[in-house]
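Colleague: I have a list of labels for this model and want to know what stands behind each one. Can we go through them?

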Amino acid sequence: MHTINVDEMFNGRKSRYALVIAVAKRARQITKKQEDEGVISDEKPVLSAINEFKQHKFNILASDDDE
């Protein structure tokens, strides 16, 4: 089982909700890419997405809406 330090990932982010949504969205992208290419991976897509965010490969952009 993998232990993930959420506080470490949350560092510099405005919202935990935004972080969770971004990781879920990236995991879906990874899943779709693997299905399209016929790739079978041992690593779960959510874990891959978390690692990408930890390595700062992706950033969460704030929306322009004030709502």
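Modeller: Start with aromatic pairs. Rings of Phe, Tyr and Trp (its six-membered ring) pair if their centres lie within 6.5 Å; planes under 30 degrees apart count as stacked, over 60 as edge-to-face and the rest as tilted. By this rule the count comes to one aromatic pair.

Colleague: Why is the pair of Phe-53 and Phe-58 called tilted?

Modeller: The ring centres of Phe-53 and Phe-58 are 6.0 Å apart and their planes meet at 40°, so the pair is tilted.

Colleague: Before we go on, what are the ground rules?

Modeller: The model is predicted: local features need pLDDT of at least 70, side-chain atom pairs count only at pLDDT 80 or more, and totals for chains, interfaces and linings use all residues. Residues are numbered from 1 along each chain as its sequence is written, and side-chain values use heavy atoms, with hydrogens and water left out.

Colleague: What makes Phe-53 buried?

Modeller: Buried means under 20% relative accessible area, exposed over 50%, partly exposed in between (1.4 Å probe, protein chains only). Phe-53 has 5%, so Phe-53 is buried. Phe-58 has 32% and therefore counts as partly exposed.

Colleague: How do you know that the length of helix H2 agrees with its residue count?

Modeller: Helices (H or I, at least four residues) and strands (E, at least two) are DSSP runs, numbered from the N terminus. The expected span is 1.5 Å times one less than the number of residues. H2 covers residues 16-37, which is 22 residues, so it should span 32 Å. Its end C-alpha atoms are 32 Å apart, which agrees.

Colleague: Why do you say the buried residues of H2 line one face?

Modeller: Those residues are Leu-19, Ala-22, Val-23, Arg-26, Ala-27, Ile-30 and Gln-34. Seen down the axis of H2, they fall within an arc of 135°, so they line one face of the helix. The arc is taken from the directions from the helix axis to the C-beta atoms. The face turned away from the buried side carries the exposed residues Tyr-17, Arg-28, Lys-32, Glu-35 and Asp-36. Just after H2, Gly-38 takes a positive phi of about 70°.

Colleague: What makes the largest nonpolar core a core?

Modeller: A nonpolar core is a set of buried Ala, Val, Leu, Ile, Met, Phe, Trp, Tyr and Cys residues joined through side-chain atoms within 4.5 Å. The largest has eight: Leu-19, Ala-22, Val-23, Ala-27, Ile-30, Ala-49, Ile-50 and Phe-53. H2 and helix H3 (45-54) each supply at least two residues of this core. H2 gives the most, with five. In soluble globular proteins, nonpolar side chains tend to be buried together.

Colleague: How do you know that Ala-22 and Val-23 are buried?

Modeller: Ala-22 has a relative accessible area of 16%, so Ala-22 is buried. Val-23 has 9%, so Val-23 is buried too. Not counting residues up to four places away in sequence, Ala-22 touches Phe-53 and Ile-60. Ala-22 and Ile-60 are 38 residues apart in sequence and 6.8 Å apart in space, C-alpha to C-alpha.

Note on methods. Contact = heavy atoms within 4.5 Å.
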